[in-house]
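Please walk me through this structure. Take it piece by piece, in plain words.

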Amino acid sequence: MESSLPSADFYGFESLLSDAERAKLQDVRDFLAKEVAPFATDWWNRAEFPLEVLPKLAALNLSTPVQQGYSYLFSGMVIAELTRSDTSLATFFMVHHDLFVEALHEFGTEDQKARLLNDAMDLTITGAFALTEPQHGSDVAGGMATTATRDGDTWILNGAKRWIGNGTFCDYMLLWARDTADGAVRGFILDATLPGVTRTAIENKIALRTVQNADIILDNVRVSEADRFAGINTFTDTKHLLRGSRILVGWQAVGQQLAAFDAARAYAVERHQFGRPLASFQLIQQQLVRMLGNTTASLGMMARVAQLQEDEHRGLHEGQQQEQRSGADMAQAALAKSYTSSLMRETVAMGRSIFGGNGIVTDYKMAKIFADAEAIYTYEGSFEINTLIVGRAVTGVSAIL
């Protein structure tokens, strides 16, 4: 019966993709159904990352899809589908491809690209994005304590980073530090095996347990000038990169809701109480419809953001000046992330409620969906910080000190 029911994409946003993109998205679904979905809960329970999956993931050839000519809508829907199957794997994908690899595309020198880009796109090497610090999360742009000191043709890095996804096993990190000479923020490609780099897994998480977040300590780590991102001289230089990542987390909120609706509807149809299926009770139907409405609203918002990204991309290639291009600005990205993640929180809570007591054990995947939602709600700017970014845009007054 379930296969004959309408898709969680109730308004058919997927139809906006090209035929080739829809076919490729089906390839992604087939891969996830075979290689990820049957095992994701076990990985999560054991808090272990499945490195053996990476060659198969690489074979999809989906690194930085927009760089390969795909649309922003397709790129977002890939993240949504990855999240729908396993939020942790989607987070790995975003950290590696949409932060580390995208940074190589955007800011890397020709030498850096020649050395690293192909291997990174093929997942022969893995990357991380080391920005957040133990004492600086939302205020890291102004409060960054990690330092970089020039010494001839090398830089000496000291400090600490926290919550670094892929940090325990990555080969390289895009690491941010403040220049002790002039206070400018610099970016470096850090070989994670260099002397002075200590990596420690963050334990006891209740979300994204498969993701290997790490504490990073840097003790007089020497990095060559050839491994500094020459295209980055201020934190503002990364605006495009961080804005894109924030938007993709909005797509994760979509994927999390798709997963919650899928699981809750299947359970409501199959589970019987009082001699009939849960789906026959009015309150259960009301919750499912609310979940579907939240998911559809989130999809609609993210599809519009993708259109704005396409407009900006088109303007860039047509040689328009920045002020002439339409596009998703940081405030629009912040609203997308905060609003969709807020709806997501309600959606997964309703889904968990439909499962009753079964919703708190990972034998039923709703428990994992429910727990992982908390990470999406928090990272790439908390709900509160993203709200204040939008508030500043619509009032002209900053509430962030």
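**Salt bridges and their places**

The count of salt bridges comes to 24, taking a side-chain nitrogen of Lys or Arg within 4 Å of a carboxyl oxygen of Asp or Glu. The model is a predicted one.

Start with Glu81. Glu81 forms a salt bridge with Arg29, and their closest N and O atoms are 3.1 Å apart. Glu81 sits in helix H4 (residues 72-85) and Arg29 in helix H1 (residues 19-35), so the pair ties together parts that are 52 residues apart in sequence. Is Glu81 buried or exposed? Glu81 counts as buried, because its relative accessibility is 8% and buried means under 20%. Arg29 has 22% relative accessibility and counts as partly exposed.

Now turn to Asp151. Asp151 forms a salt bridge with Arg222, with 2.9 Å between the closest N and O atoms. Asp151 lies in strand E2 (residues 147-151) and Arg222 in strand E7, so this pair ties together parts that are 71 residues apart in sequence. Asp151 is partly exposed, at 35% relative accessibility. Arg222 is partly exposed as well, at 44%.

Another pair is Arg186 and Asp179. Their closest N and O atoms are 3.1 Å apart in a salt bridge. Both Arg186 and Asp179 are buried.

Next come the annotated spans. UniProt, in an unreviewed entry, places the feature "domain: Acyl-CoA dehydrogenase/oxidase N-terminal" at residues 19-119. Over residues 19-119 the chain is 73% helix and 0% strand. The end C-alpha atoms of that span are 29 Å apart. Asp42 lies in helix H2 (residues 40-46). With a relative accessible area of 40%, Asp42 is partly exposed. How many residues apart in sequence are Asp42 and Leu104? They are 62 residues apart in sequence, and 33 Å apart in space from C-alpha to C-alpha.

A further UniProt annotation, also from an unreviewed entry, is "domain: Acyl-CoA oxidase/dehydrogenase middle", which covers residues 128-221. This span is 4% helix and 50% strand. Its end C-alpha atoms lie 17 Å apart.

Two asparagines deserve a look. Asn166 has a positive phi of about 70° although it is not a glycine. Asn166 lies in the loop between strand E3 (154-164) and strand E4 (172-179). Asn166 is buried, with a relative accessible area of 1%. Asn204 is not a glycine either, yet it has a positive phi of about 65°. Its place is in the loop between strand E6 (197-201) and strand E7 (214-224). At 73% relative accessibility, Asn204 counts as exposed.

Now go inside. The largest nonpolar core has 72 residues. Leu57, Met77, Trp251, Leu288, Met291 and Ile354 have the most contacts inside it. Which helix gives the most to this core? Helix H8 (residues 239-270) does, with 14 residues. Leu288 touches Phe261, Ala264, Arg265, Ala268 and Ile354, leaving aside residues up to four places away in sequence. A second, separate core has 22 residues, including Phe100, Phe107, Leu131 and Leu241.

Finish on the surface. Ile360, Val361 and Tyr364 form a nonpolar patch there, with about 270 Å² of accessible area together. Tyr364 is found in the loop between helix H10 (330-354) and helix H11 (366-378). Tyr364 counts as partly exposed, at 32% relative accessibility.

Conventions
Residues are numbered from 1 along each chain as its sequence is written. This is a predicted model: local features need pLDDT of at least 70, side-chain atom pairs count only at pLDDT 80 or more; totals for chains, interfaces and linings use all residues. Side-chain values use heavy atoms; hydrogens and water are left out. Patches are made of residues with over 30% relative accessible area and no salt bridge: like charges are joined within 9 Å, nonpolar side chains (Val, Leu, Ile, Met, Phe, Trp, Tyr) within 5 Å. Accessible areas come from the Shrake-Rupley method with a 1.4 Å probe; for residues, only the protein chains shown count as cover. Buried means under 20% relative accessible area, exposed over 50%, partly exposed in between (1.4 Å probe, protein chains only). UniProt positions are given in the numbering used here, feature names are shortened, and annotations may be inferred rather than shown by experiment. A nonpolar core is a set of buried Ala, Val, Leu, Ile, Met, Phe, Trp, Tyr and Cys residues joined through side-chain atoms within 4.5 Å. Contact means heavy atoms within 4.5 Å.
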